[in-house]
Amino acid sequence: KERERLFRGKEHARGMLLTLRKKGRFNLFHFNRRAYAWLEEGQLARVADGMIDTALDYIKNYKPRGLSLVDEGFKRVFLNDKIDTIYFYSDGVPSGRKGERQPYLPLLAEIRNLNRWKGMRIFSVGFKGIDRKFMVEVARENGGMVTGKIFVERLEARLAADGAEDGYVWDAQAWYGGDINRFVLKTEGEG
């Protein structure tokens, strides 16, 4: 189950990177027992410089190391004055330094304080098992929204040769929105 959530998170991050505009600039941050940046402090990669492939390798090789110290991650991101938008991915519940569940209201207050003069927009992307209230509030309080995901688990086509029948099969799900206004689609079939 943990591997499935990690796989989904990596696939969603990969999809987001592939949609960046050619003039876009980006960096990747992750946090567990402490916060890490893909590029050095204050740097942003330019999409036009072909950095997407390097970033995709970074995501592919990422290995979680327990804990979700969200406060450390946001502190690190807010140090960079060049960033104006954050896509906050989470596959777990924010935890404290000893692994205990961290209450989300103090975290929200800290993020609000860090973002007070910066005005960064924060979009939340969460996966099954997350602290949904926290993710919704982070986005709502910081000019973003809870985004959605599309996950295609299976998509196959069989092209017939020598008089055999063509065939296809799919299994996919998607969602978009928040807790109140949310659209969910799950589909599977064959033919």
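1. Helices (H or I, at least four residues) and strands (E, at least two) are taken here as DSSP runs, numbered from the N terminus. Under that convention, Gly-99 lies in the loop between β5 (85–90) and α4. Gly-99 is partly exposed, with a relative accessible area of 43%; buried denotes under 20% relative accessible area, exposed over 50%, and partly exposed the range in between (1.4 Å probe, protein chains only). Gly-99 and Gly-66 stand 33 residues apart in sequence, with their C-alpha atoms 8.3 Å apart in space.

2. The model is predicted: local features need pLDDT of at least 70, side-chain atom pairs count only at pLDDT 80 or more, and totals for chains, interfaces and linings use all residues. Residues are numbered from 1 along each chain as its sequence is written, and side-chain values use heavy atoms, with hydrogens and water left out.

3. Overall architecture. The chain contains 5 helices and 9 strands, and their order along the sequence is α-β-β-β-β-α-α-β-α-β-α-β-β-β. Of the 191 residues in the chain, 40% are buried. Contact, here and below, means heavy atoms within 4.5 Å. Among contacts between residues at least 6 apart in sequence, 61% join residues at least 24 apart.

4. Helix α3. In helix α3 (residues 70–78), 7 of the 9 residues are buried, so the helix is largely enclosed by the rest of the structure. The buried residues are Val-70, Asp-71, Gly-73, Phe-74, Arg-76, Val-77 and Phe-78.

5. Packing of α3 with α4. The axes of α3 and α4 come within 10 Å and cross at roughly 5°. Axes are lines fitted to C-alpha atoms, for helices over the stretch in contact, and angles run from 0 to 180 degrees between N-to-C directions. The two helices α3 and α4 are therefore roughly parallel to each other; angles under 35 degrees count as roughly parallel, over 145 as roughly antiparallel, 65 to 115 as roughly perpendicular and the rest as oblique. From α3, the contact involves Val-70, Asp-71, Phe-74, Lys-75 and Phe-78, and from α4 it involves Leu-107, Glu-110, Ile-111, Leu-114 and Asn-115. By class, the contact of α3 with α4 has 6 nonpolar, 1 polar and 3 charged residues. In this classification, Ala, Val, Leu, Ile, Met, Phe, Trp, Tyr, Cys and Pro count as nonpolar, Asp, Glu, Lys and Arg as charged, and the others, Gly among them, as polar.

6. Packing of α4 with α5. The axes of helix α4 (residues 104–115) and helix α5 (residues 132–141) come within 10 Å and cross at roughly 20°. Helices α4 and α5 are therefore roughly parallel to each other. Their crossing is right-handed; a crossing is left-handed if the near helix is turned anticlockwise from the far one by less than a right angle, and right-handed if clockwise. On the α4 side, Tyr-104, Leu-107, Leu-108, Ile-111 and Arg-112 meet Lys-133, Phe-134, Glu-137, Val-138 and Glu-141 of α5. The residues of the contact of α4 with α5 comprise 6 nonpolar, no polar and 4 charged.

7. Asn-115. This residue is found in helix α4, and Asn-115 is buried, with a relative accessible area of 6%. A polar atom of the Asn-115 side chain lies 2.8 Å from the backbone nitrogen of Met-120. Not counting residues up to four places away in sequence, Asn-115 touches Phe-78, Met-120, Ile-122 and Asn-142.

8. His-30. Strand β2 (residues 29–31) includes His-30, which is buried at a relative accessible area of 14%. The side chain of His-30 makes a polar contact with the side chain of Tyr-58 (2.8 Å). A polar contact is a pair of N or O atoms within 3.5 Å; within protein, one must be able to donate a hydrogen and the other to accept it, and residues adjacent in sequence count only if both atoms are side-chain atoms. Residues up to four places away in sequence aside, His-30 touches Ala-35, Tyr-36, Tyr-58, Tyr-62 and Arg-65.

9. Arg-33 is found in the loop between β2 and β3 (35–37) and is exposed, with a relative accessible area of 54%. Leaving aside neighbours within four places in sequence, Arg-33 is in contact with Arg-65, Gly-66, Leu-67 and Leu-69. Trp-38 lies in the loop between β3 and β4 (45–46) and counts as buried at 14% relative accessibility. Residues touched by Trp-38, not counting those up to four places away in sequence, include Phe-26, Leu-28, Met-51 and Tyr-58.
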